[in-house]
Amino acid sequence: MSSVPQIKIPATYIRGGTSKGVFFNLTDLPEAAQVPGEARDKILQRVIGSPDPYGQQIDGMGGATSSTSKTVILAKSEQPDHDVDYLFGQVAINKAFVDWSGNCGNLTAAVGAFAISKGLVDPERVPENGICTVRIWQKNIQKTIIAHVPITNGEVQETGDFELDGVTFPAAEVVIEFMDPADGEGSMFPTGNVVDELEVPGVGTFKASMINAGIPTIFVNAADIGYSGTELQKDINGDAEALARFETMRAYGAVKMGLIKDIEEAVARQHTPKIAFVAPATDYEASSGKQIKASDIDVCVRALSMGKLHHAMMGTASVAIATAAAVPGTLVNLAAGGVDRDAVTFGHPSGTLRVGAAAEQVNGEWTATKAVMSRSARVLMEGWVRIPGDTF
């Protein structure tokens with residue numbers, strides 16, 4: 001029986017927000033993986049443990065959910081006035097592909113800390129104590145993100161008393177600013193409307209707000225699709241027919257947004273767009289047992305990621321929620337009371353989250369200038385990951 005030696009690659013396993021991912025310094029990757037292509041994709045899939053027909057990723061670092069099947073590649077920035085280039089790869093669980101079409105807002109919380117610890121940020125810009133402002137160039141979406149990372153005694157501070165619903169233990173707060181989060185190449189509302197009629201053959205026709213801010217997202221009303229907006233993962237993820245309907249709606253929405261030309265292309269583009277449903281603020285019990293009061297939130301939102309209801313909320317979708325809430329007449333804005341706002345607190349399956357956003361009309365087009373949220377991050381393990389030498 002032939003054997004192939006394993007190779008080891010320096011890596012760090014980090015929780016960022018409500019996600020976990022394997023982080024790499026670009027120059028630590030095998031030479032073939034330092035550029036985009038098949039070798040890079042195969043290496044990242046093998047690290048995570050995909051494709052896995054069992055859907056468990058037992059033979060890799062992935063955790064069998066969209067929140068834990070993630071990879072990050074960082075490098076010293078090639079952009080003026082930026083510290084680090086951040087590339088995100090969403091690894092499919094049971095299929096052989098890596099989706100590079102969007103950002104991960106949750107893991108963004110860990111980018112600044114990793115960049116500081118690996119010397120990608122000029123040491124002169126890192127205070128002995130205080131806040132280090134890390135200027136991130138998000139390569140997937142070609143946008144600037146600013147992370148405010150706490151520093152204590154010259155080291156990144158990871159522990160603290162900031163609590164984030166969806167994360168069991170408190171940690172240090174990292175404030176993240178998403179600058180100009182709307183797609184600069186087109187309208188923030190690709191169809192030109194804040195509300196459209198989305199026709200989905202075999203499913204129905206629904207009102208939808210389709211926005212490209214943070215990440216392309218399709219919002220529909222929970223009541224229009226038979227939900228209350230207070231659902232938890234157990235209420236949806238075991239329902240194969242419901243998941244198939246959501247995927248069909250997502251595919252037709254992607255076509256209407258101009259992201260793909262044919263619904264068949266959605267199979268190879270699972271990371272974007274997201275699909276979410278909204279409802280007015282309502283009392284409900286979060287997955288942890290925490291009681292969420294309608295008076296504590298402005299709106300209920302549930303979102304799907306990689307074909308399953310997310311256990312909390314994606315960071316990039318949070319930007320989309322806050323931006324849509326700031327635009328009069330969107331389904332999110334209407335569900336949140338239809339008032340002018342520069343921040344929104346929404347309820348998700350794990351609890352609540354507050355996100356600030358600013359949107360304005362310029363020459364008749366809506367645009368987002370900034371979205372701000374707080375997250376936390378913590379290194380879980382560092383050293384090397386190992387993969388068989390014949391992976392690529």
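Modeller: Domain bounds here come from an automatic or database domain assignment. The model is predicted. The protein chain is divided into domain 1 (6–181 + 377–388) and domain 2 (196–349).

Colleague: How many Å apart are the C-alpha centres of domain 1 and domain 2?

Modeller: The C-alpha centres of the two domains lie 25 Å apart. Their contact takes 21 residues from domain 1 and 22 residues from domain 2.

Colleague: Which elements each supply at least two residues of the lining of the largest pocket?

Modeller: They are β4, α4 and β17 (308–309). Helix α4 gives the largest share, 5 residues. By class, the lining of the largest pocket has 14 nonpolar, 14 polar and 4 charged residues.

Colleague: What lines the second largest cavity?

Modeller: Its lining consists of I141, K143, T144, I145, F178, M179, P181 and G214, around about 50 Å³ of space. Strands β7 (143–152) and β9 (174–179) each supply at least two of the lining residues, with the largest share, 3 residues, from β7. By class there are 5 nonpolar, 2 polar and 1 charged.

Colleague: M306 lines the largest cavity and is listed among the residues closest to the centre of the largest pocket. Where is M306 placed in the chain?

Modeller: M306 sits in the loop between β16 and β17. Its phi is near 50°, a positive value in a residue other than glycine. Because its relative accessibility is 15%, and buried means under 20%, M306 counts as buried.

Colleague: Which other residue has a positive phi near 55° without being glycine?

Modeller: That is Q57, in the loop between α1 and β3. Q57 is buried, with a relative accessible area of 1%. P51 is also placed in the loop between α1 and β3, and a cis peptide bond joins S50 and P51, with omega about -5°. Another cis peptide bond runs from T272 to P273, with omega near -5°; P273 lies in the loop between α4 and β13.

Colleague: How should I read burial along a helix, and how many residues of α1 are buried?

Modeller: An α-helix has 3.6 residues a turn, so residues three or four places apart point the same way. Helix α1 (residues 38–48) is mostly covered, with 8 of its 11 residues buried: A39, R40, D41, I43, L44, Q45, V47 and I48. These pack against β1 (6–16), β2 (19–25), β3, β4, β5 (98–99) and β21 (377–388). After α1 comes G49, whose phi is positive, near 100°.

Colleague: And why is α5 described as largely enclosed by the rest of the structure?

Modeller: In helix α5 (residues 315–325), 11 of the 11 residues are buried, so it is largely enclosed by the rest of the structure. Among them are G315, T316, V319, I321 and A325.

Colleague: Last, a charged residue. Is D83 buried or exposed?

Modeller: D83 is buried, at 5% relative accessible area. D83 is found in the loop between β3 (70–76) and β4 (84–91). A polar contact of 2.9 Å joins its side chain to that of R125. Beyond four places in sequence, the residues in contact with D83 include A75, L120, V121, T133 and R135.

Terms used. Residues are numbered from 1 along each chain as its sequence is written. This is a predicted model: local features need pLDDT of at least 70, side-chain atom pairs count only at pLDDT 80 or more; totals for chains, interfaces and linings use all residues. Side-chain values use heavy atoms; hydrogens and water are left out. Helices (H or I, at least four residues) and strands (E, at least two) are DSSP runs, numbered from the N terminus. Buried means under 20% relative accessible area, exposed over 50%, partly exposed in between (1.4 Å probe, protein chains only). A polar contact is a pair of N or O atoms within 3.5 Å; within protein, one must be able to donate a hydrogen and the other to accept it, and residues adjacent in sequence count only if both atoms are side-chain atoms. Contact means heavy atoms within 4.5 Å. On a 1 Å grid over the protein atoms alone, a cavity is a set of points where a 1.4 Å probe fits but cannot get out, and a pocket is an open set with protein on both sides within 12 Å along at least five of seven lines; lining residues have an atom within 4 Å of a point. Grid points are joined across faces, edges and corners, and a volume is the space filled by probe spheres set on the points. Ala, Val, Leu, Ile, Met, Phe, Trp, Tyr, Cys and Pro count as nonpolar, Asp, Glu, Lys and Arg as charged, and the others, Gly among them, as polar.
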